[in-house]
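Here are a few exercises to work through with the model open in your viewer. Try each task before you read its solution.

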Amino acid sequence: MTLSIILLVYFSLGLMAAMGSLVLTRKFLPPRLEAPVYGVLLIPIAGLYLVFTRHFGLDGAWPLEMSAVIGFSLLGLLGMRFPLMLVVGYGLHGGWDFAHELHAHLGIDAFGGRPVTLVPLAYGAVCAGYDGYVAVYFWLRSRQPADVAGTAT
């Protein structure tokens with residue numbers, strides 16, 4: 001029960017962090033730069049798993065974690081030009097975060113027995129909230145007319 005409450009609180013913090021960063025992005029950047037900024041941001045967000053792999057000394061996790069970082073980095077780079085790729089990238093990354101949380105703190109094998117890194121308590125919940133909100137934001141932006149979404153030339 002306590003873990004559920006912790007995860008819910010931290011998921012909410014991730015949502016609020018995403019709301020804040022998107023408010024700041026909209027305030028200080030033209031709409032045409034939103035996708036490039038969030039595309040580039042996906043790269044270090046994914047790269048944190050390599051930091052955790054090294055920190056926790058889980059050398060067997062490198063192949064899977066590196067493959068995921070490369071995949072998310074490619075989605076981020078594609079998302080700079082095609083914002084719907086950010087929906088895919090952030091949506092999948094939110095699921096990746098949540099799967100790590102389940103694995104690290106509830107012992108659920110979400111990776112088919114392959115070695116993965118550990119994460120600090122509630123890290124996956126914060127990131128899942130953040131990533132999920134950003135994915136929904138870019139999905140909703142894609143549904144707007146081009147002149148409103150800022151993609152008109």
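A residue counts as buried when its relative accessible area is under 20%, and as exposed when that area is over 50%. Keep in mind that this is a predicted model.

**Exercise 1. Is Glu-101 buried or exposed, and what does Glu-101 touch?**

Solution. Start by finding the residue: Glu-101 sits in helix 4. Next, apply the cut-off. Glu-101 has 2% relative accessibility, so it counts as buried. Now list its contacts, leaving out residues up to four places away in sequence: Leu-7, Leu-106, Val-119, Pro-120, Leu-121, Ala-122, Tyr-123, Gly-124 and Ala-125. Finally, take one distance across the chain: 27 residues separate Glu-101 from Ala-128 in sequence, and their C-alpha atoms lie 9.6 Å apart.

**Exercise 2. Which residues of the largest nonpolar core touch the most other members?**

Solution. The core holds 30 residues, and those touching the most other members are Tyr-38, Phe-72, Tyr-90, Trp-96, Tyr-130, Val-134 and Phe-138. Two or more core residues come from each of helix 1 (2-28), helix 2 (34-55), helix 3 (62-81), helix 4 (84-106) and helix 5 (123-142). Helix 2 gives the most, with 8 residues. To look around one member, select Trp-96: beyond its neighbours within four places in sequence, Trp-96 contacts Tyr-49, Leu-64, Glu-65, Ala-68, Phe-72 and Phe-111.

**Exercise 3. How does the radius of gyration of the protein fit that of a compact globule?**

Solution. First describe the fold: the protein has 6 helices and 0 strands, which read α-α-α-α-α-α along the sequence. For 153 residues, a compact globule would have a radius of gyration near 15 Å; the protein has 16 Å, so the two agree. Then turn to contacts with a separation of 6 or more: 70% of them join residues 24 or more positions apart. To finish, 39% of the residues are buried, and carbon and sulfur atoms make up 73% of an accessible surface of about 8,300 Å².

Note on methods
Residues numbered from 1 in each chain as written. Predicted model: local features only at pLDDT ≥ 70, side-chain atom pairs only at ≥ 80, totals over all residues. Heavy atoms only, no water. Helix = DSSP H or I, 4+ residues; strand = E, 2+ residues; numbered from the N terminus. Rg over C-alpha atoms; globule rule 2.2 N^0.38 Å. Buried < 20%, exposed > 50% of the residue type's maximum accessible area, 1.4 Å probe, protein only. Contact = heavy atoms within 4.5 Å. Areas by Shrake-Rupley, 256 points an atom, 1.4 Å probe, with all protein chains shown as cover. Core = buried A, V, L, I, M, F, W, Y, C linked by side-chain atoms within 4.5 Å.
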